[in-house]
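Hi,

Here is the structure I promised to pass on to you. Have a look at it first, and then read on for what turned up.

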Amino acid sequence: MSEVKLLGTGSCVPEKIVTNDDLAAMMDTSDEWIRTRTGICQRRIVTEETLTSLSVGAAQRALESAGILAESLDLIIVATLTPDEPLPNASCAVQKALGAWNACCFDLSAACSGFVFALHTAAMYIRGGAAKTALVIGAEVLSKIIDWSDRKTCILFGDGAGAAVLGASDIPGFLGAAMGTDGAKGHTLTMHERDIANPFRTRWLSEHPVLEPAQSLSRFVYMDGQEVFKFAVKRVPESIGQLLDQAGLTVADIDHFVLHQANYRIVEAVARRLKVSMDKFILNMDRYGNTSAASVAIALDELMRSGSVQNGDYLVLSGFGGGLTWGSLLFKMII
Ligand code: UT7
């Protein structure tokens with residue numbers, strides 16, 4: 001069994017900045033409403049970029065900071081809800097662009113918790129001996145699955161990608177995880193895919209009278225914001241508490257908290273519940289909005305590049321979102 005450590009990080013966001021005022025010119029909203037309810041001031045939205053180009057940009061920076069060549073990777077996981085194509089998936093497209101020919105590649109879907117779930121999965125591959133060096137990417141082009149006429153959701157989201165490289169190590173850098181899922185509350189954050197329309201299904205439907213009226217299912221993101229808010233402020237502190245209990249640490253031992261950047265008020269509520277100063281929480285939703293699976297990855301990269309992480313620092317990463325899913329990871333920095 002091998003230990004696991006964080007070797008490097010990277011991120012890449014689209015060029016185009018869309019401010020709250022830009023949105024207010026398109027719909028009935030205001031900079032004041034968005035800022036005070038969410039902490040978001042602007043977001044990046046793709047024009048020319050793709051999920052793959054953003055992922056590759058983030059991956060190249062992460063590989064560079066890790067000092068690793070693409071050929072050394074034996075695992076690539078891309079966490080996303082919005083691959084450019086379902087076939088081939090995003091991880092295969094990234095492998096091709098990087099020339100990472102020795103890597104086994106797959107996508108992972110866990111909504112806004114995706115990067116945390118993928119990082120955990122990669123850490124388990126390495127710990128179990130199935131991989132030595134893994135690239136984990138969280139990337140989204142949410143702008144293509146958002147209903148731009150729904151002011152309750154479209155003002156929240158942005159596009160982007162972040163990446164991390166994990167490697168086998170003698171010293172433990174990855175110290176634990178506390179993950180969870182509540183499928184019963186899945187209806188609070190949804191997006192419908194396509195209908196099953198094969199000839200057998202069509203015949204079956206004609207022979208079986210529909211008992212309930214068909215629901216109108218949106219192919220865009222639907223969110224019950226208040227329910228998701230309540231879920232987040234309950235589950236995130238719980239999972240961080242569980243994680244720290246397992247590791248025999250307390251919140252006072254943690255140097256940096258990197259939470260999913262959904263809403264400033266959620267981070268504030270979590271900090272309050274944990275009784276931790278907001279100074280320890282990374283915040284960048286003002287610049288990028290909620291980038292779903294990319295958010296923790298981008299925030300982690302900004303933290304790593306800020307120069308404020310020292311050898312031996314403890315980091316907690318925490319994601320939460322659709323599913324409902326949530327998860328927290330504990331790392332000790334070995335630099
Ligand atoms: O990444 C996945 C995880 N997602 C989240 O964590 C999101 C969690 N939820 C939230 O962050 C918040 O619930 C929101 C920011 C989405 C919404 O904030 P809220 O304080 O829950 O607002 P609300 O939905 O209760 O809406 C309050 C009012 C409503 O008007 P009335 O009914 O009081 O007259 C809305 O119609 O604000 C109105 N409203 C808006 N007004 C201006 C909703 N969206 C907008 C808007 N601009 N964009």
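Predicted model: local features only at pLDDT ≥ 70, side-chain atom pairs only at ≥ 80, totals over all residues.

Let me begin with the ligand. Its shell holds 23 residues, and the closest are Thr-29, Arg-37, Gln-226, Asn-263 and Asn-290. By type, the shell divides into 11 nonpolar, 7 polar and 5 charged residues. Which helices supply at least two residues of the shell each? They are α2 (31–38), α6 (151–154), α8 (225–247) and α9 (264–274). The largest share, 4 residues, comes from α8.

- Asn-290 has a polar side-chain atom 2.6 Å from an oxygen atom of the ligand.
- In the side chain of Arg-37, an N or O atom is 2.8 Å from an oxygen atom of the ligand.
- Gly-225 takes part through its backbone, where a polar atom is 2.9 Å from a nitrogen atom of the ligand.

As for cover, the ligand taken alone exposes 960 Å², and the protein buries 75% of that.

On to the cysteines. With a disulfide taken as a pair of cysteine sulfur atoms within 2.5 Å, the count comes to 0. For Cys-12, the nearest cysteine sulfur belongs to Cys-105 and is 19 Å away. Is Cys-12 buried or exposed? Cys-12 is buried, because its relative accessible area is 13%, under the 20% limit. Cys-41 is in no disulfide either, and the nearest cysteine sulfur, that of Cys-154, is 16 Å away.

Best wishes

Terms used:
Residues numbered from 1 in each chain as written. Heavy atoms only, no water. Near = heavy atom within 4 Å. Polar contact = N/O pair within 3.5 Å; in protein donor to acceptor, adjacent residues only side chain to side chain. Areas by Shrake-Rupley, 256 points an atom, 1.4 Å probe, with all protein chains shown as cover. Nonpolar A, V, L, I, M, F, W, Y, C, P; charged D, E, K, R; others polar. Buried < 20%, exposed > 50% of the residue type's maximum accessible area, 1.4 Å probe, protein only.
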